[in-house]
Structures are given as structure tokens and as C-alpha cells.
Amino acid sequence: MVKPQIATIVLFCAVVAACAFPAPVSAAREIKKGFIVRGRVFCDTCRIGFETPASTYIAGAKVKVECRSKTTGVKNFEGVTDHTGTYNIRVADEHEHELCETVLLSSPDMSCAKFVRGRERARVFLTHNNGLSSDVRFANAMGFESETSLASCAKLLKMYEQDEV
């Protein structure tokens, strides 16, 4: 008579364990609610419109992450680059149905403060529903243009087989 009671208890424990196990897994998914958006801001010292080996990185540049939706409007998250020209902006919540972009705001270097056309924004996808396990999202580098080109840029342009502009 003892054996059927033990079998019933074991079966009950197995059912409880099977029902309780998915709960912590789904609770762990709910904890992941935010992201870190990481990118770099460069100074185009050759004035050619993209990052080169002669480019420098700007510390103290202001950047924002802008998420837009027809239903929720615009949400902004701002940050500043560190000494390596890298920013890490914490963005709260999921933004699966929103268009999110990193946007340059300003450069502390007045000799390199004009936006590089086409490099002033970078799109980022801020959802956990895309197969990426990390909360860090990388944005393309964005840049400002120097007022004058470096003397070494002519040699660099030859490396890229382009004529000087």
C-alpha cells in the first residue's frame, strides 16, 4: 500500500516541477527591458566623408538615441562620448515597433563641428525579439568634418585611388 502513495507523490512533484520551471524562464525574459547603444564619433580630418586611418575620435561629443512611433511619439535618450570617442547610452524598454536612430547633437571641438553629410545618423534595432542575446546594440560610426584637411590626406587619397576634392 505504501508504493502507490509514493508513486502518487512522485507524480505530483513531477507535475509541479514541470509547471513551475517555465515560470522562472519567462520571468527572466521579462527582466531584460533595456539596451546599451554603443558607437563612436569621429572627426573627418581629410574631409572625404568617411572614417579613415587619419580620422581622430572626439571626446565630449553629445549624442542621442531617438525612437519614433506614430502612437507613442518621440523618445530621446542622451549621452556623451568618452576619451576614446565612444558613447554608451542606456535605453529603457523595448522599441520593437519604433524607428530608433543615434543622432549627433554637437562637437566640443569647434574646428571639427560640421556634420559629415550622411554620417550624422545611424539606425539601431532595439528589440529582444530579433535573435540577439546581448543587450548591447552597436551603431555605425558618426562623424564631424574638420575645417581644413591634413597635409597627409593627399597620400591617403591615393591609397583609396580617389582624386582630391
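A: A residue is called buried when its relative accessible area is under 20%, and exposed when that area is over 50%. This cut-off is needed for the cysteines discussed below. The model is a predicted one.

A disulfide is a covalent bond between the sulfur atoms of two cysteines. The count here comes to 3 disulfides. With bonded cysteines numbered along the chain, the pattern is 1-5, 2-6, 3-4.

Start with cysteine 43 and cysteine 112. Their sulfur atoms are 2.1 Å apart. The link between cysteine 43 and cysteine 112 is right-handed, with 120° about the S-S bond. Cysteine 43 has a relative accessible area of 5%, which is under 20%, so cysteine 43 counts as buried. For cysteine 112 the relative accessibility is 1%, and this residue is buried as well.

Next come cysteine 46 and cysteine 153, joined with an S to S distance of 2.0 Å. The torsion about their S-S bond is about -85°, and therefore this disulfide is left-handed. Cysteine 46 is in the loop between S1 and strand S2 (56-57), and cysteine 153 is in helix H3 (residues 153-159); the pair links distant parts of the chain, 107 residues apart. Both cysteine 46 and cysteine 153 are buried.

The remaining pair is cysteine 67 and cysteine 100, with an S to S distance of 2.1 Å. Here the torsion about the S-S bond is about 115°, so the disulfide of cysteine 67 and cysteine 100 is right-handed. Cysteine 67 and cysteine 100 are both buried.

S6 (residues 99-106) runs antiparallel to S8, and 4 bridges join the two. Threonine 102 stands opposite alanine 122 of S8. In a regular strand the side chains alternate between the two faces of the sheet. Strand S8 (residues 121-124) has Ala122 and Val124 on its covered face, and Arg121 and Arg123 on its uncovered face.

How values were computed. Residues are numbered from 1 along each chain as its sequence is written. This is a predicted model: local features need pLDDT of at least 70, side-chain atom pairs count only at pLDDT 80 or more; totals for chains, interfaces and linings use all residues. Side-chain values use heavy atoms; hydrogens and water are left out. Buried means under 20% relative accessible area, exposed over 50%, partly exposed in between (1.4 Å probe, protein chains only). Two strands pair if DSSP finds at least two bridges between them. A disulfide is a pair of cysteine sulfur atoms within 2.5 Å.
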